[in-house]
Amino acid sequence: MAEMGSKGVTAGKIASNVQKKLTRAQEKVLQKLGKADETKDEQFEQCVQNFNKQLTEGTRLQKDLRTYLASVKAMHEASKKLNECLQEVYEPDWPGRDEANKIAENNDLLWLDYHQKLVDQALLTMDTYLGQFPDIKSRIAKRGRKLVDYDSARHHYESLQTAKKKDEAKIAKAEEELIKAQKVFEEMNVDLQEELPSLWNSRVGFYVNTFQSIAGLEENFHKEMSKLNESLNDVLVSLEKQHGSNTFTVKAQPSDNAPAKGNKSPSPPPDGSPAATPEIRVNHEPEPPSSATTGATLPKSPSQPAEASEVAGGTQPAAGAQEPGETAASEAASSSLPAVVVETFSATVNGTVEGGSGAGRLDLPPGFMFKVQAQHDYVATDTDELQLKAGDVVLVIPFQNPEEQDEGWLMGVKESDWNQHKELEKCRGVFPENFTERVQ
């Protein structure tokens with residue numbers, strides 16, 4: 001019996017809501033056609049315009065602030081990679097290695113601290129500021145519906161009073177409904193009349209505090225980063241001074257098939273191994289070219305000492321003249337690398353084409369766009385809204401009629417409801433976007 005009573009109450013509530021929607025729709029049609037007057041409040045309408053403008057500006061600021069934070073994080077990663085590269089190339093016997101490593105660690109900590117302070121002092125404050133808008137926006141919409149109910153009750157009461165045959169019972173009931181509708185409307189109207197101007201004026205202080213925090217954090221960050229960069233520069237200057245000759249010898253790793261050190265410029269072996277890498281001398285100061293080396297042509301292979309001697313002496317072979325063995329080796333060297341590259345590339349492409357396709361996700365509602373997760377509880381204020389608790393996952397779908405979508409609101413179905421019922425008509429509803437965060 002209790003279940004029947006509960007179902008009866010639910011059915012009655014649904015019927016009542018349907019009747020209210022029909023009555024409101026009829027009233028709006030009559031007002032648009034000019035057959036019924038509409039209660040207007042120009043001062044309140046101006047407050048609503050200011051509210052919408054403030055919400056748009058705040059949403060844009062939140063979006064740009066998140067983009068700024070993402071850029072800071074990306075710059076941190078790039079700086080970290082650059083410092084890691086410096087640590088790898090900084091040889092153990094070079095002076096200042098420990099100082100350079102310490103500077104790199106402090107650099108990483110400074111980026112982390114900067115990003116975290118931006119989140120704490122700017123982003124979280126921004127989220128709190130915007131968190132109050134969805135509730136007020138829903139109350140504005142509800143006030144609009146209650147105003148239509150009030151106008152409808154007023155017109156119904158007036159029509160009964162001007163009727164030729166007056167029914168006192170109906171008139172009394174209509175008057176009672178009119179008083180009730182007026183009371184509900186005026187309570188909501190008074191509260192919003194006080195809150196909206198106060199919210200509008202609060203934007204100035206909020207913008208000042210937000211941008212002051214960002215500017216101050218950025219200024220301190222660059223000051224500390226400048227000190228670290230100056231210290232790193234001193235370490236590198238000290239390293240340069242301790243190598244007065246400005247000449248560094250880079251030696252190759254020894255190998256069994258490495259050529260004699262007397263060959264300064266041999267051609268690399270076809271397999272690309274570093275065995276034939278010669279001793280290289282890198283000079284900071286350029287040396288003047290000598291007449292002996294200006295016109296000389298380097299030998300093609302370390303296995304031709306006679307030809308190398310002739311070239312060093314100024315004798316140059318005719319263009320295109322090669323020994324048979326050299327021609328075969330050159331063709332093998334030039335053809336082997338492209339063949340490997342083409343084969344590898346072909347295998348990669350085929351693997352991508354063959355293994356890249358995945359099964360479609362048929363367990364999601366039609367038109368599914370992405371998932372969001374509720375960050376705060378949201379209490380539904382109308383029958384077409386979703387009731388959310390922090391942690392709920394919502395599957396976002398498009399509006400059936402895009403013109404019905406209000407700014408800052410999304411249409412969706414809670415994932416738990418969808419998995420249980422698989423029926424959009426029973427589960428879908430609108431919810432404020434600012435109460436959620438996109439997760440997929």
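Predicted model: local features only at pLDDT ≥ 70, side-chain atom pairs only at ≥ 80, totals over all residues.
Four bridges join strand E4 to strand E5, and the two run antiparallel. One place to look is Leu 395, whose bridge partner in E5 is Val 413. Strand E4 itself covers residues 393-397, and because four of its five residues are buried, the strand is largely enclosed by the rest of the structure.

On its other pairing, E4 meets strand E3, which spans residues 370-374, again in the antiparallel sense and over four bridges. Here Val 372 stands opposite Val 394 in E4. Strand E5, made of residues 409-414, also pairs with E6 in the antiparallel sense, over four bridges, and within this pairing Leu 410 has Phe 431 of E6 as its bridge partner. Strands of a sheet pair through backbone hydrogen bonds, either parallel or antiparallel.

Put together, these pairings belong to an open sheet of five strands in the order E6-E5-E4-E3-E7, with antiparallel pairing. The edges are formed by strand E6, residues 429-432, and strand E7, residues 436-438, each of which pairs on one side only. If direction is ignored, neighbouring strands of this sheet are turned by 50 degrees against each other on average.

The charged end of Arg 438 sits over the ring of Phe 370, at 4.1 Å from its centre; Arg 438 falls within the residue range of E7, while Phe 370 falls within that of E3.

From the sheet the reader can turn to the helices. Helix H3, residues 97-130, and helix H5, residues 168-241, have axes that come within 10 Å and cross at roughly 175 degrees. This angle makes H3 roughly antiparallel to H5, since angles over 145 degrees are counted that way. The residues of the contact of H3 with H5 divide into 17 nonpolar, seven polar and five charged.

A pair of aromatic rings is described by the distance of the centres and the angle of the planes. A search of the whole structure finds 10 aromatic pairs. In one of them, the rings of Tyr 90 and Trp 94 have their centres 5.6 Å apart and their planes at 70 degrees, so the pair is edge-to-face. Tyr 90 is buried, with a relative accessible area of 3%, whereas Trp 94, at 23% relative accessibility, counts as partly exposed.

Another edge-to-face pair is that of Tyr 378 and Phe 435, whose ring centres lie 5.2 Å apart and whose planes stand at 75 degrees. Because Tyr 378 lies in the loop between E3 and E4 and Phe 435 in the loop between E6 and E7, this pair ties together parts that are 57 residues apart in sequence. Tyr 378 is buried, with a relative accessible area of 4%, and Phe 435 is also buried, with a value of 9%.

Finally, ring pairs link Phe 51, Tyr 129, Phe 133, Phe 206 and Tyr 207 into a cluster. Among these residues, Tyr 129 falls within the residue range of H3, and Phe 206 and Tyr 207 fall within that of H5. A further contact that involves a ring is found where Arg 203 lies over the face of Trp 200, at 3.6 Å from the ring centre.

Terms used: Residues numbered from 1 in each chain as written. Heavy atoms only, no water. Pairing = 2+ DSSP bridges. Axes fitted to C-alpha atoms, helices over the stretch in contact; angles between N-to-C directions. Parallel < 35°, antiparallel > 145°, perpendicular 65-115°, else oblique. Nonpolar A, V, L, I, M, F, W, Y, C, P; charged D, E, K, R; others polar. Buried < 20%, exposed > 50% of the residue type's maximum accessible area, 1.4 Å probe, protein only. Phe/Tyr/Trp six-rings, centres within 6.5 Å; stacked < 30°, edge-to-face > 60°. Lys NZ or Arg CZ within 6 Å of the ring centre and 35° of its normal.
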